[in-house]
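Please keep the sequence and the structure in view while reading.

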Amino acid sequence: MVTLQLENIGARYGKVQVVSGVTTPLIKPGTVTAVIGPNAAGKSSLFKRIAGLAKGEGTVDTGSAAKQRNTICYMPQDTGSTAVLSVYESVILAAKQGSSLRVRDDELTRIDGILAALRISDLSARNLGELSGGQRQLVAIAQTLVRDPKILLMDEPTSALDLHRQMEVLSFMRDIAKGQNIIVLIAIHDLNHALQYCDQAMAIRDGRMVAFGPCADVIDSDLLRDVYQVDGHVEYNSLGHAHVVLRGPHDETNSRHSTAVMHNPVSDMSLAAQ
Ligand SMILES: Nc1ncnc2c1ncn2[C@@H]1O[C@H](COP(=O)(O)OP(=O)(O)OP(=O)(O)O)[C@@H](O)[C@H]1O
């Protein structure tokens, strides 16, 4: 069974340390975790470190999936490609990465299924260079999914998508996590989407994890103020769905609040582990 646990994870570029001391509780299969935090907080760097693409200290424990092929797949934020390939060719190459180039019928069926689920089958014969930003992002999602990862790290996978597609893709990712019993981590700026589609949230600020737990516990007015420097709160609508209501940028000079981060990552983690 795949699990994910980070122990004292750091990430650095050369001598510059950008992530430090990230320790999580055991992340279970079948869950979607939102990785949230402001620009330059270290979300992408943490993903790269987990995927082995950035240097740094600490241990990434993936449970019994450790030795399987494609245990961890990272879908980067920048999905631009200038390769002279059709969409279908690029997805086949992604599926065959690191193995024989012979493509079996069942693999083609699986690729067709993923393209259909993302509603991009009609793009199959198009060249990558001719696609819109949103279309390229959907192809990148397909390229990641066909590798059949056990742990999927998606860096702002919906940033170029229209509202309908954003909801469709996030709902699809949640279904895949539950249906295939895999672990999905999504770096995301839209806190309402995190509340709606993710089971739990990890908040990063200045390269450190400042909270981890169920979304409704992590995303609150303290987090908005201390991590995002905005004033606001979380409300529940008649369907019981939580959503963030923002009042505006937090003005420190008019505030009697402390700027200390209110979440205690350790107590939040114990809450998450219950
Ligand atoms: N290749 C690199 N070389 C040097 N510094 C880098 C590199 N990539 C990122 N950084 C720095 O690491 C810090 C964290 O960046 P990172 O991309 O991890 O943040 P992020 O939380 O994903 O931000 P965003 O929400 O803006 O995408 C930033 O200060 C950034 O400038």
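## Two domains

In this predicted model, the protein is divided into domain 1, which covers residues 1-70 together with 148-227, and domain 2, which covers residues 80-146. The C-alpha centres of domain 1 and domain 2 lie 24 Å apart.

Where the two domains touch, nine residues come from domain 1 and seven residues from domain 2. On the domain 1 side of this contact, helix H5 (residues 163-180) gives the most, with three residues. Sorted by class, the residues on the side of domain 1 that touches domain 2 are six nonpolar and three charged, with no polar residues.

## Around the ligand

Which residues surround the ligand? The shell consists of Tyr13, Val16, Val18, Gly37, Asn39, Ala40, Ala41, Gly42, Lys43, Ser44, Ser45 and Gln77.

Two elements, strand E3 (16-22) and helix H1 (43-50), each give two or more residues to this shell, and the largest share, three residues, comes from H1. By class, the shell around the ligand holds five nonpolar residues, six polar residues and one charged residue.

## The protein as a whole

Turning to the overall fold, the protein has nine helices and twelve strands, and 38% of its 274 residues count as buried.

Key
Residues are numbered from 1 along each chain as its sequence is written. This is a predicted model: local features need pLDDT of at least 70, side-chain atom pairs count only at pLDDT 80 or more; totals for chains, interfaces and linings use all residues. Domain bounds come from an automatic or database domain assignment. Helices (H or I, at least four residues) and strands (E, at least two) are DSSP runs, numbered from the N terminus. Ala, Val, Leu, Ile, Met, Phe, Trp, Tyr, Cys and Pro count as nonpolar, Asp, Glu, Lys and Arg as charged, and the others, Gly among them, as polar. A residue is near a molecule or strand if its C-beta atom, placed from the backbone, lies within 6 Å of it. A residue is buried if 20 or more other C-beta atoms lie within 10 Å of its own, exposed if 12 or fewer, and partly exposed in between; C-beta atoms are placed from the backbone.
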